[in-house]
Amino acid sequence: MTDKNATLSFSDGSPAISFPILPGTIGPQVVDIRPLYSKTGHFTYDPGFMSTAACTSSITYIDGDKGELLYRGYPIEQLAVNCDFLEVCYLLLKGELPNAKQKSEFVTMVTNHTMVHEQMNQFFRGFRRDSHPMAMLVGVVGSLSAFYHDSLDITDAHHREVSAIRLIAKLPTLVATCYKYTMGQPFVYPRNELGYTANFMRMMFSVPCEDYKVNDVLVRALDRIFILHADHEQNASTSTVRLAGSSGANPFACIAAGIACLWGPAHGGANEAALNMLEGIGDVSKIGDFIKRAKDKNSGVKLMGFGHRVYKNYDPRAKLMRETCHEVLEELGLHDDRLFKLAMALEKIALEDDYFVQRKLYPNVDFYSGIVQRAIGIPVSLFTAIFALARTVGWIAQWNEMISDPDQKIGRPRQLYCGAVRRDVTPLATR
Ligand code: CMC
């Protein structure tokens, strides 16, 4: 608690009330309004949680004005170049980076859980071949709770840990299976001698009639995509996971809820939408017309991959993604890639345009990640599922933090009711 208070006064003569101000380690302080309703009979009104902190957390910090992202205090720029994805998973889950022994034990534990129950393959066969991967993923992740009864006791820290490892380990297998199913190719089992990301790429791209050679540059690029998407504090899908978990629902069900929320085009679906937008624009000569439509509120068009609720500066993840984009296109001999050139021209024009400057709209992580994924060979319809794979560790770390918090309560927002006042039902014959 700070020694500051905030006082709320009312113009109708009701007594003023004081609220304590709570500090974090960095970032905005919060006015603790928990007793507001019991003391005044008023709620606060904040659709979209524009000014509301719904929890305390020690996992991820974002300074939107500076364009800074920290996982457990470490800047994303340093993690992206010094660590691999499983080290970042360890950090998010446990609070500290692992030493060599801890890393090796963690990698072994994750590796030992990469297979999914064989019965799950029957589930996939029930879907239409043209199902969206996210439609399948919501279903199969939720249904993991039907297979792993031995890790569902959320009051048991060991169960929670096993569920977290299972989710992190099995998501690559499930996402690759979604892809193989839509392609009509045989499912590929994990190979435990490969690293996490190389294993995922092999499950995606190998076929029985041909060996798959893992390309280290592409593995590193995808691993970086995973690191950049691993957590992002209380965004819509993470808040969904917390809200679902606050009722005591099991972790697999909660992560399925997060996946459903992530699917929307304003959230995880934006990388898919950004790439489709670039395809739609087609040529640098059409950018002017597109920007005009993106600025027109009646057009329904937005510059996808631009703008962010929290970042009012260049998203630090977008910078790293643009760098990775260069590396991957270079490796694949695609330096003349049409969409990358178009994206860079579009970015340059938008960053100089008054509309975007005044509203502090900058590229976010999704602006370039689609181009990298497409170059790697990942189909557009799978982009959001890749995001879900990477974000699973963030969701489960946040879920675990919430469950372990002794102050945890079921989430229950209130409302400003604007509907009909009490009235009587008239019989059907007289309506
Ligand atoms: N193109 C054109 N105008 C925009 C855009 C855009 N991409 N984003 C925001 N605006 C305008 C918006 O119309 C509003 O204008 P005005 O003040 O004149 O009414 C102003 O900028 C503020 O926008 P907002 O919608 O109030 O901001 P928000 O915080 O509610 O929305 C956002 C944030 C990410 C949903 C939005 O910027 C957006 O839809 N961007 C495109 C989708 C996208 O790239 N999403 C990925 C987000 S990053 C990945 C993730 O973390 O999930």
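**View 1. Helices H14 and H15 of the predicted model are roughly antiparallel to each other.** Helix H14 (residues 316-331) packs against helix H15 (residues 338-352) at an angle of about 155°, and their axes lie 12 Å apart. Angles under 35 degrees count as roughly parallel, over 145 as roughly antiparallel, 65 to 115 as roughly perpendicular and the rest as oblique. H14 passes H15 in a left-handed crossing. On H14 the contact (heavy atoms within 4.5 Å) involves Arg 322, Cys 325, His 326 and Leu 329, and on H15 it involves Phe 340, Met 344 and Glu 347. These residues divide into 4 nonpolar, 1 polar and 2 charged.

**View 2. Helices H13 and H15 are oblique to each other.** The angle between helix H13 (residues 287-295) and H15 is about 55°, with axes 11 Å apart. Ile 287, Phe 290 and Ile 291 of H13 meet Leu 342, Ala 345, Leu 346, Ile 349 and Ala 350 of H15. The contact comprises 8 nonpolar residues, no polar and no charged.

**View 3. Strands S4, S5 and S6 form an open antiparallel sheet in the order S4-S5-S6.** Strand S4 (60-63) and strand S6 (74-75) stand at the edges with a single partner strand each, so one side of each has no neighbour in the sheet. Strand S5 (residues 68-71) is joined to S6 by 2 bridges; pairing requires at least two bridges found by DSSP. Leu 70 has Pro 75 in S6 as its bridge partner.

**Notes.** Residues are numbered from 1 along each chain as its sequence is written, and side-chain values use heavy atoms, with hydrogens and water left out. In this predicted model, local features need pLDDT of at least 70 and side-chain atom pairs count only at pLDDT 80 or more, whereas totals for chains, interfaces and linings use all residues.

Methods: Axes fitted to C-alpha atoms, helices over the stretch in contact; angles between N-to-C directions. Helix = DSSP H or I, 4+ residues; strand = E, 2+ residues; numbered from the N terminus. Left-handed = near helix turned anticlockwise from the far one by under 90°. Nonpolar A, V, L, I, M, F, W, Y, C, P; charged D, E, K, R; others polar.
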